[in-house]
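Please keep the viewer open as you read.

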Amino acid sequence: MHASTPSRDLVYLAVFTLVVLTMPIWLEPIGAAYPNLMQRFAIYGIFAIGFNILFGMTGYLSFGHAAFLGVGSYAAVWSFKLLSMNVIPAVLFAVLVAGAFAAIIGYVSLKRSGIYFSILTLAFAQMSYNLAYSVFTPITNGETGLQLALQDPRVIDRALGIEARGIPSPGLFGVEMSGYSGFYLCAVLLILCFFLAMRIDRSPFGMVLKAIKSNQTRMGYTGFNTRPYTLTAFIISGMYAGLAGGLLAATDPLAGAERMQWTASGEVVLMTILGGAGTLVGPVIGAGVIKYFENIFSAFHEAKLHAAFAFLPDGLENVLVTITAPFVGEGWHLTLGVVFMLIVIFLPGGLMEGAQRIYGMFRRRPSAGQRAADKFQPAE
Amino acid sequence: MKFDRINRRIFLKSSAIVGAGLATPTIFTSASRAQDFCNAPTGSTVTLGFNVPQTGPYAEEGADQLKAYQLAVKHLNGEGDGGMLNTFKGTALKGNGILGKKVEYVSGDTQTKSDAARASATRMIERDGAIMISGGSSSGVAVAVQSLCQDAGVIFMAGLTHSNDTTGKDKKRNGFRHFFNAYMSGVAIAPVIGEAYGKDRRAYHLTADYTWGWTQEESIKNATEALGWETVTAVRTPLGSADYSQYLTPVLNSGADVLILNHYGNDMVNSLRQAVQFGLRDQQANGKNFEIVVPLFSELMAQGAGEAIKGIYGTANWDWKLEDEGTKAFTKSFGEEYGTPPSQAAHTGYVQALLYAHACETAGTFNPKGVVEALEGLEFDGLGNGPTLYRADDHQCFKPVLVVQGKEDPADKFDLLQVVREVPAEEVTYDASMFGGELGPVNSAC
């Protein structure tokens with residue numbers, strides 16, 4: 001690892017910005033350059049960055065983060081319904097509600113650590129899911145999902161005399177949030193969130209979080225109360241998730257309970273570990289990879305495979321199609337599972353570790369003394 | 001981090017880069033604005049999107065539906081034996097694609113979740129340029145995707161969706177449904193079960209907890225209460241449950257003597273089998289035999305439920321054993337292609353694809369405006385259900401409804417249901433304003 005310096009961070013941020021904003025260009029060859037998927041890359045990137053602030057920095061593994069995503073979505077859709085179709089109040093409302101919700105769940109869950117914390121968050125998330133699914137049907141509209149309707153009040157819009165024909169779509173002062181404009185809003189917010197996470201990582205507060213990860217007991221013995229710090233990290237992380245949920249609703253005004261399901265919580269854990277927990281950009285990459293698999297691999301079907309292998313002789317083509325067919329289409333989970341397994345076994349640090357190894361191969365090998373110094377760093 | 005290193009040069013450089021990045025999307029947007037409607041096919045092909053559940057409780061129905069869509073594409077392109085193209089009366093379809101363009105398709109997995117279904121449909125529209133989306137197999141998903149298609153400016157031909165809301169409260173101008181709905185099921189099945197089980201029954205509902213379950217519960221309740229039945233209670237169960245024992249245990253002591261299962265797909269297979277294993281059908285309650293009714297079921301579910309289905313009443317949109325020409329032609333070509341008779345999910349998907357193609361052909365355009373006009377009020381025949389009307393007021397098809405019963409001694413594993421009664425379309429027709437909702441204007445802009 002090399003030390004971070006302000007100028008290095010600036011370059012890091014600039015490269016990140018450039019990569020995010022040019023997504024429509026470099027995603028084109030792999031068939032992912034359409035607005036909806038890029039929006040998802042950005043939104044789940046935000047979600048994963050936020051999750052990483054908790055899991056990557058403090059080591060607290062939350063298995064219930066999707067609850068905040070869902071709460072954010074519901075809050076945003078309610079803001080569209082009651083207040084205005086503008087995304088600014090919706091997103092603010094989503095972040096605040098998710099933050100408040102995180103404060104409550106965090107306060108209870110953080111009384112325990114380790115596996116007990118994970119199970120508590122999982123239980124809370126599953127509870128929220130079931131509540132949203134059946135008990136709170138008037139607020140959440142159950143399995144059908146909360147949707148906009150013609151006769152929604154939209155108080156602010158009505159007061160300003162904005163009337164749309166049919167159901168209006170969310171916008172930012174007249175710019176509709178579907179398509180590329182939606183992607184750019186999400187991308188800009190992703191960059192801001194990335195910047196904020198970087199600032200947290202480099203701050204004394206971030207240092208405390210990392211200290212908690214390395215040895216919380218020792219922190220306690222030195223007279224350091226860690227609870228306020230973990231709770232703050234939990235709330236920040238919940239607000240990130242709320243923002244992601246709000247943006248999901250802004251780009252597609254529908255909130256469903258399945259966003260809170262435990263599989264969705266597990267997904268963000270996968271994203272973070274796949275990309276590299278504790279690194280800044282890793283979770284974003286992990287989010288991108290998983291969403292790519294989910295959206296592109298699941299869309300392959302046998303006819304497409306036949307077309308892909310058409311250049312081969314017939315017999316060989318059929319054999320190859322038979323072998324690959326279970327891994328695409330409905331079998332995309334299988335491919336993802338294999339990839340995940342390979343990465344965890346061979347690159348425990350996630351894709352970021354892979355990138356670092358490749359980078360290390362091309363770099364001048366460090367001198368023997370340097371290597372020895374690296375090796376004999378005191379534990380903790 | 002302090003940005004004390006930003007000088008004029010770095011500032012200029014970085015703003016140029018950001019500017020270039022921000023300007024890139026204009027290349028893409030300008031191209032898409034050149035069309036006069038969303039995803040207008042420009043080459044020699046036209047792309048349809050088939051969005052079906054490949055995972056989740058309705059996966060089996062989805063798989064069968066996808067097979068039927070693939071068959072429909074073949075027939076539209078003039079491959080295979082043509083299936084129902086030969087029996088579709090007065091159609092302009094000639095088996096040379098649609099409007100001379102070869103039909104291609106993309107497919108996706110809805111996962112029986114509204115979110116995933118919308119993501120998948122958006123991918124088809126934005127990336128693959130699909131001009132029509134078809135599919136469903138869950139009303140929650142169908143309603144969600146229908147409103148997406150309305151916003152996106154493409155046509156939605158609903159697949160298997162049985163909720164009253166799809167063409168009721170949540171109807172959209174760009175959405176069309178060939179399948180029947182819960183209200184029709186209620187009206188059709190009530191006289192039959194009234195005759196079989198008597199007029200003084202007490203019913204206990206187990207209902208899948210989403211739009212379809214809710215509307216079916218309401219429709220069946222209304223229809224049975226009109227017979228003189230009493231509703232003890234209605235319990236909502238989450239979609240995709242595997243274990244229904246906790247819901248079945250209270251049924252016997254509730255004073256009910258009929259159990260109505262408002263479940264579909266795997267849910268129905270599980271709940272019915274567990275109810276039968278539980279011995280409900282061997283019980284006596286209020287001095288009568290305890291009975292189970294499944295208002296909506298299909299051949300695929302009957303296969304899944306096995307022995308449990310014997311003697312159970314339900315309704316269906318279509319059955320492969322019907323005697324008309326369209327059904328025969330479709331069953332024959334589906335059987336030759338896949339080796340099994342088609343389910344009602346397959347049938348409705350196939351018919352929807354053909355009807356869309358027919359509408360494009362008669363309108364002479366793929367523009368949703370023309371297609372909607374051609375479909376509204378369309379009367380057609382020869383597609384397996386007899387003369388059918390696509391009502392203009394709510395985009396719902398009106399055709400006879402089948403009341404079916406699980407066979408006591410099936411000849412083979414596909415011959416599980418017998419049609420007890422064919423309820424004519426007039427009897428199940430209702431006022432279009434009954435369920436509220438608004439079609440709104442047609443949308444053809446991206």
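## Charged pairs and what surrounds them

B:Asp257 and B:Arg201 are both buried (buried means under 20% relative accessible area, exposed over 50%, and partly exposed in between, with a 1.4 Å probe and protein chains only). This is a predicted model, in which local features need pLDDT of at least 70 and side-chain atom pairs count only at pLDDT 80 or more, while totals for chains, interfaces and linings use all residues. Residues are numbered from 1 along each chain as its sequence is written, chains are lettered from A and ligands numbered from 1 in the order in which they are written, and side-chain values use heavy atoms, with hydrogens and water left out.

The side chains of B:Asp257 and B:Arg201 form a salt bridge, at 3.8 Å from N to O (a side-chain nitrogen of Lys or Arg within 4 Å of a carboxyl oxygen of Asp or Glu). This pair links distant parts of the chain, 56 residues apart: B:Asp257 sits in the loop between helix H8 (245-248) and strand E8 (258-262) of chain B, and B:Arg201 in the loop between helix H6 (182-197) and strand E6 (202-208) of chain B. Helices (H or I, at least four residues) and strands (E, at least two) are DSSP runs, numbered from the N terminus.

Staying in chain B, you can find B:Glu361 in a salt bridge with B:Lys94, where the closest N and O atoms are 3.8 Å apart. B:Glu361 belongs to helix H12 (residues 344-363) of chain B and B:Lys94 to the loop between helix H3 (59-76) and strand E2 (102-109) of chain B, so the pair ties together parts that are 267 residues apart in sequence. Are the two partners buried or exposed? B:Glu361 is buried, with a relative accessible area of 14%, whereas B:Lys94 counts as exposed at 59% relative accessibility.

Now turn to chain A, where A:Asp152 and A:Lys81 meet through their side chains in a salt bridge of 3.3 Å, N to O. Here too distant parts of the chain are linked, 71 residues apart: A:Asp152 lies in the loop between strand E1 (146-147) and helix H8 (155-159) of chain A, and A:Lys81 in helix H4 (residues 66-82) of chain A. A:Asp152 counts as buried because its relative accessibility is 6%, and A:Lys81 counts as buried because its value is 9%. Salt bridges also join A:Asp9, A:Asp201, A:Arg202 and A:Lys210 in a network. Over all chains, the structure holds 30 salt bridges.

Let us look next at open space. Rolling a probe the size of a water molecule over the atoms shows where empty space is left. The second largest pocket has a volume of about 1600 Å³. On a 1 Å grid over the protein atoms alone, a pocket is an open set of points with protein on both sides within 12 Å along at least five of seven lines, where a 1.4 Å probe fits, and lining residues have an atom within 4 Å of a point. Of the 42 residues that line the second largest pocket, A:Tyr12, A:Thr279, A:Leu280, A:Val281 and A:Met352 lie nearest its centre. H1(A) gives the largest share of this lining, eight residues. Other helices of chain A that each supply at least two lining residues include helix H3 (35-58), helix H9 (179-202) and helix H14 (282-296).

Helix H3 of chain A also holds A:Thr58, which counts as buried because its relative accessibility is 3%. A:Thr58 and A:Gly206 are 148 residues apart in sequence, yet 8.9 Å apart in space, C-alpha to C-alpha. A:Ile53 is in helix H3 of chain A as well, and at 1% relative accessibility A:Ile53 counts as buried.

Two backbone details in chain B are worth a look. Most residues other than glycine have a negative phi. B:His395 has a positive phi of about 60 degrees although it is not a glycine, and B:His395 lies in the loop between strand E14 (388-390) and strand E15 (397-398) of chain B. B:His395 is buried, with a relative accessible area of 0%. B:Asn286 has a positive phi too, near 50 degrees, and sits in the loop between strand E9 (284-285) and strand E10 (288-289) of chain B. At 45% relative accessibility, B:Asn286 counts as partly exposed.

Note on methods. Points joined across faces, edges and corners; volume = space filled by probe spheres on them.
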